[in-house]
Protein chains: 2
Amino acid sequence: MSNKANTRANRHNVTSYDVARLAGVSQSSVSRAFDPEGRILPDMRARVLAAAAELGYQPNAIARGLSMQRSNLIAVLIPDLTYPELLSALTSRLSQHGMRPLLFTLESNVVSGDVLNQMWRYRVDGAFAIAKLRPEQIRSFKAQGVPLVLYNRYSDIESVSAVCCDAVRGEALLVNGLVAAGHRRFGVIAGPEDSEVGAERMTGIMRQLDAAGLRPISVTRGNYDYASGKAAFTRLIEEAGTLDAIVSANDFMAIGAIDAARAQGLRVPEDLSIVGFDGISAADWDPYQLTTIRQPVNLMVSAAVSMLLERIADPDHPSECRMFAGQLERGSSARIDLG
Amino acid sequence: MSNKANTRANRHNVTSYDVARLAGVSQSSVSRAFDPEGRILPDMRARVLAAAAELGYQPNAIARGLSMQRSNLIAVLIPDLTYPELLSALTSRLSQHGMRPLLFTLESNVVSGDVLNQMWRYRVDGAFAIAKLRPEQIRSFKAQGVPLVLYNRYSDIESVSAVCCDAVRGEALLVNGLVAAGHRRFGVIAGPEDSEVGAERMTGIMRQLDAAGLRPISVTRGNYDYASGKAAFTRLIEEAGTLDAIVSANDFMAIGAIDAARAQGLRVPEDLSIVGFDGISAADWDPYQLTTIRQPVNLMVSAAVSMLLERIADPDHPSECRMFAGQLERGSSARIDLG
DNA sequence: CTGTTAGCGCTTTCAC
DNA sequence: GTGAAAGCGCTAACAG
């Protein structure tokens with residue numbers, strides 16, 4: 001009680017006071033020595049760092065967070081099934097700036113209030129959402145003063161930034177190419193009902209078909225995985241009889257559809273063209289050679305991180321939406337004709 | 001640069017004092033109201049919670065961490081390429097116990113000192129490593145008093161717990177089945193040199209071949225991805241001429257090998273059996289139907305989390321290694337014969 | 001440049 | 001059962 005010096009430092013809790021004592025300086029000098037911007041004589045810094053090394057001292061980021069009102073924690077809201085590259089790109093990009101991702105995975109695509117409350121408790125400096133947020137949830141970020149960047153989601157709420165791969169343009173590329181190659185009878189495998197990304201891609205598909213004076217013969221939904229793509233194919237063919245082309249809202253379902261088509265003796269792309277979206281690694285595998293739109297993940301992640309950091313540094317920085325074009329990967333799963 | 005100053009001013013920061021004032025109670029009562037174990041009259045708790053709700057108060061986990069000497073943060077050390085299901089299983093399991101995963105991804109398979117130092121700074125309550133740690137690094141966890149659980153890695157250092165899928169037994173199942181089905185000329189695709197998992201699986205393969213009085217005709221390495229599996233296949237065939245069976249250290253490479261084999265006009269499994277390890281989802285896809293060992297990821301993750309929590313609750317709790325049997329998934333990529 | 005001092009928001013004895 | 005007060009380890013004015 002009376003001696004702060006001796007409280008509980010015996011165990012694995014080396015504090016800046018211990019370092020200060022050993023180096024024969026004040027505690028605040030220790031603090032400065034560990035601050036890259038800290039005004040301190042090189043000589044003294046060296047002494048402090050030596051003492052710190054001897055004790056195995058590392059500044060306590062939790063205490064620092066309390067004091068600085070800045071946790072250096074970034075919340076990442078991400079649904080169960082997701083692309084692994086995204087998360088690792090995000091993490092490495094963040095750590096380059098001294099920020100650490102705190103993970104919040106979601107059972108479904110939808111963010112619950114509980115998850116958000118947990119987030120607020122950690123006083124995260126910012127957040128990424130690769131998930132669906134309701135408008136009032138999005139607004140709560142603003143109320144809490146936590147900058148938010150949406151990934152592949154768009155919101156018309158002014159306060160939110162976003163980085164997207166342009167689904168409409170991407171689908172336009174695909175659909176135009178298919179139409180130009182002479183396809184007329186289209187089937188569509190859409191994403192699940194609650195998927196914003198899926199809805200966006202759907203819009204792109206429909207708009208472009210419309211522009212060509214076409215309507216899809218048949219439309220069905222999948223949940224983005226392989227099995228649902230296979231099942232979707234079956235439903236499409238049952239309903240449509242024959243089809244020239246199938247446009248799938250993502251690659252996994254497209255791959256499922258290819259396998260289902262072949263199981264029925266159809267040749268891809270001779271009898272039927274199939275295209276996907278995302279550019280997952282399996283799209284390149286020999287049996288598929290999927291024609292798809294590859295998202296520029298690294299670019300998108302860098303942009304997202306920069307945008308977030310800007311808004312953390314300056315809360316009044318205007319929000320921004322950056323839309324990246326996806327790149328058409330011409331595989332052999334579709335006969336496609338580019339102007 | 002004036003933003004540091006006005007962050008504090010602008011930012012909507014409700015503290016327990018604000019709640020206390022509104023509820024007309026002391027700050028410590030607010031604290032107790034939010035502690036499930038807190039001795040407090042239901043009546044008062046209700047009043048506090050009402051006030052908290054009105055202000056949108058959420059206890060500051062950072063401050064709580066400082067005070068309690070417990071961050072509720074769990075470090076997750078994980079290499080770039082990894083199985084997405086693992087991370088989401090881990091996160092959801094952890095959050096059931098009020099712990100949050102703090103992500104540290106690694107460029108390579110190997111953990112650097114920088115990463116560890118970052119970890120110590122956050123005073124994480126425990127750590128998972130799905131990565132290679134050097135013995136002295138493992139010991140540093142003990143020195144820092146941070147319980148560590150290794151995932152699919154084993155270490156003979158006493159202080160470390162681990163959960164593994166039994167690679168030796170898994171490979172034994174596969175190799176025995178192949179031998180029993182009459183295969184004699186074996187090729188092996190091993191993992192990269194620095195992979196402990198790979199080494200373990202290799203041991204299992206060699207030991208079992210040995211027991212059958214066989215040696216692999218040819219052995220080569222891949223880096224666990226599809227392309228490296230294809231390349232590995234080519235090298236194997238160049239060296240061996242013909243082969244009865246190929247045992248691959250993981251599924252992605254096995255899938256690559258299947259495609260490479262077919263590209264050479266070989267039929268799988270009629271001309272050549274190919275087996276993998278892991279049980280990734282693509283193993284089930286129509287063209288592959290891979291015979292493999294499926295890791296019980298959910299079981300392993302639950303076990304890992306329990307072990308970690310036990311050791312956090314009681315630092316003297318003995319460390320433990322739990323070895324799970326993988327399940328043989330009989331696909332059609334291999335002719336295999338089980339006793 | 002360096003040391004002193006006052007918080008950051010919470011938990012936790014300790015009196016009442 | 002409730003309130004007052006002392007830290008948890010650090011940063012950031014403010015003096016010297």
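## Domains and overall shape

Let's start with distance: the centres of domain 1 and domain 2 of chain A, taken over C-alpha atoms, are 35 Å apart. This is a predicted model, where local features need pLDDT of at least 70, side-chain atom pairs count only at pLDDT 80 or more, and totals for chains, interfaces and linings use all residues. Residues are numbered from 1 along each chain as its sequence is written, while chains are lettered from A and ligands numbered from 1 in the order in which they are written.

Chain A is split into domain 1 (3–59), domain 2 (68–165 + 297–325) and domain 3 (167–294); such bounds come from an automatic or database domain assignment. Its C-alpha atoms fill a box of roughly 85 × 40 × 35 Å along the principal axes. Chain A has a radius of gyration of 26 Å, whereas a compact globule of 339 residues would come out near 20 Å. That radius is taken over C-alpha atoms, and the globule rule is 2.2 Å times the number of residues to the power 0.38.

Chain A contains 12 helices and 12 strands. Both are DSSP runs numbered from the N terminus: helices are H or I with at least four residues, strands are E with at least two.

Take β6 (residues 186–190) and β7 (residues 218–221) of chain A, which run parallel and share four bridges. (Strands pair if DSSP finds at least two bridges between them.) Gly187(A), for instance, has Ser218(A) in β7(A) as its bridge partner.

## Where the chains meet

In the pairing of chains, 43 residues of chain A are in contact with 42 residues of chain B, contact being C-beta atoms, placed from the backbone, within 7 Å. On chain A's side, elements giving at least two residues each include α4 (61–68), α5 (84–95) and β2 (100–106). That side has 20 nonpolar, 15 polar and eight charged residues. Here Ala, Val, Leu, Ile, Met, Phe, Trp, Tyr, Cys and Pro count as nonpolar, Asp, Glu, Lys and Arg as charged, and the others, Gly among them, as polar.

## Around the DNA

Which residues come nearest to DNA strand C? Of the 26 around it, they are Arg39(A), Ser16(B), Ser28(B), Ser31(B) and Ala63(B). A residue is near a strand if its C-beta atom, placed from the backbone, lies within 6 Å of it. The largest share of this surface, five residues, comes from α5(B). By class, the surface has 10 nonpolar, 13 polar and three charged residues.

A cis peptide bond, with omega about 10°, joins Val268(A) and Pro269(A). Pro269(A) sits in the loop between α11 and β9 (273–275) of chain A. In chain B, a cis peptide bond joins Val268(B) and Pro269(B), with omega about 10°.

Conventions: Two residues are in contact if their C-beta atoms, placed from the backbone, lie within 7 Å.
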